[in-house]
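Here are my notes for anyone opening this one for the first time. Have the structure on screen as you go through the points.

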Amino acid sequence: MHMADALVSPAVAAGAGAVAATMIAVAATKVKKIKRDDIIPLMGVMGSFVFAAQMINFTIPGTGSSGHVIGGILLSAVLGPWAAFITLCSVLIIQCAIYRENRHNTIKDNSNDF
């Protein structure tokens, strides 16, 4: 679920940012230990697929939120949980930068949702 920026206070956003940064660092360490040679290219390809699939977006009435196809389960099944987390965070960052779908405060909370 993508939360509207107004739903998150700056204090909550700062705490969520610290948790998200820690989780990304842990995930990066775990991915470095994966013995598969194809994991990084596969993360890129699967991230592109999930990004495209998530373009089908719908609003949730009365909540200020929106929803879309969930790619996290597919990514976890193919890549494993740590590589999937990094890939989903990359998708969120691209959505924020290009489409402004995740705003500055909520991108950290949405990363932690996964």
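1. In which hand does H2 pass H3? The crossing is right-handed. Bear in mind that this is a predicted model. The two helices pack at about 160°, their axes 11 Å apart, and that makes H2 roughly antiparallel to H3, since angles over 145 degrees count that way.

2. Staying with that pair, look at who does the touching. H2 brings Ile 39, Leu 42, Met 43, Met 46, Gly 47, Phe 49 and Val 50, while H3 brings Leu 74, Leu 75, Val 78 and Leu 79. Sorted by class, the contact of H2 with H3 has 10 nonpolar residues, 1 polar and no charged.

3. Now step back for the overall layout. The protein has 5 helices and 2 strands, and along the sequence they run α-α-β-β-α-α-α. There are 114 residues, and 37% of them count as buried. Take the contacts between residues at least 6 apart in sequence: 68% of these join residues at least 24 apart.

4. On the H1 side the contact uses Met 23, Ile 24, Val 26, Ala 27, Ala 28, Lys 30 and Val 31; on the H4 side it uses Trp 82, Ala 83, Phe 85, Ile 86 and Cys 89. By class, the contact of H1 with H4 comes out as 11 nonpolar residues, no polar and 1 charged.

5. H4 also crosses H2. How close do the axes of H2 and H4 come? They come within 9 Å, and they cross at roughly 45°, which makes H2 oblique to H4. The hand here is right-handed. From H2, the residues involved are Ile 39, Met 43, Gly 47, Val 50 and Phe 51, and they meet Ala 83, Ile 86, Thr 87, Leu 88, Val 91, Ile 94, Gln 95 and Tyr 99 of H4. The contact of H2 with H4 divides into 10 nonpolar, 3 polar and no charged residues.

6. In soluble globular proteins, nonpolar side chains tend to be buried together. Here the largest nonpolar core has 14 residues, and those touching the most other members are Val 31, Ile 39, Met 43, Leu 75, Leu 79, Ala 83 and Ile 86. H1, H2 (39-53), H3 (72-79) and H4 are the elements that give two or more residues to this core. Which of them gives the largest share? That is H4, with 6 residues.

7. Met 43 sits in helix H2 and has a relative accessible area of 11%, so it counts as buried, the cut-off being under 20%. Leaving aside neighbours within four places in sequence, Met 43 is in contact with Val 31, Leu 79, Ala 83, Ile 86 and Thr 87. The C-alpha atoms of Met 43 and Leu 75 are 8.3 Å apart, although 32 residues separate them along the chain. Ile 86, not counting residues up to four places away in sequence, touches Ala 27, Ala 28, Val 31 and Met 43.

8. Don't skip Thr 87 in helix H4. Is Thr 87 buried or exposed? With a relative accessible area of 4%, Thr 87 is buried. Beyond its neighbours within four places in sequence, Thr 87 is in contact with Met 43, Gly 47, Leu 75 and Leu 79.

9. Last stop: Gln 54, found in the loop between H2 and strand E1 (57-60). What is Gln 54 in contact with, leaving aside its neighbours within four places in sequence? The list is His 68, Val 69, Gly 71, Leu 88, Val 91 and Gln 95.

Methods: Residues are numbered from 1 along each chain as its sequence is written. This is a predicted model: local features need pLDDT of at least 70, side-chain atom pairs count only at pLDDT 80 or more; totals for chains, interfaces and linings use all residues. Side-chain values use heavy atoms; hydrogens and water are left out. Contact means heavy atoms within 4.5 Å. Helices (H or I, at least four residues) and strands (E, at least two) are DSSP runs, numbered from the N terminus. Ala, Val, Leu, Ile, Met, Phe, Trp, Tyr, Cys and Pro count as nonpolar, Asp, Glu, Lys and Arg as charged, and the others, Gly among them, as polar. A nonpolar core is a set of buried Ala, Val, Leu, Ile, Met, Phe, Trp, Tyr and Cys residues joined through side-chain atoms within 4.5 Å. Buried means under 20% relative accessible area, exposed over 50%, partly exposed in between (1.4 Å probe, protein chains only). Axes are lines fitted to C-alpha atoms, for helices over the stretch in contact, and angles run from 0 to 180 degrees between N-to-C directions. Angles under 35 degrees count as roughly parallel, over 145 as roughly antiparallel, 65 to 115 as roughly perpendicular and the rest as oblique. A crossing is left-handed if the near helix is turned anticlockwise from the far one by less than a right angle, and right-handed if clockwise.
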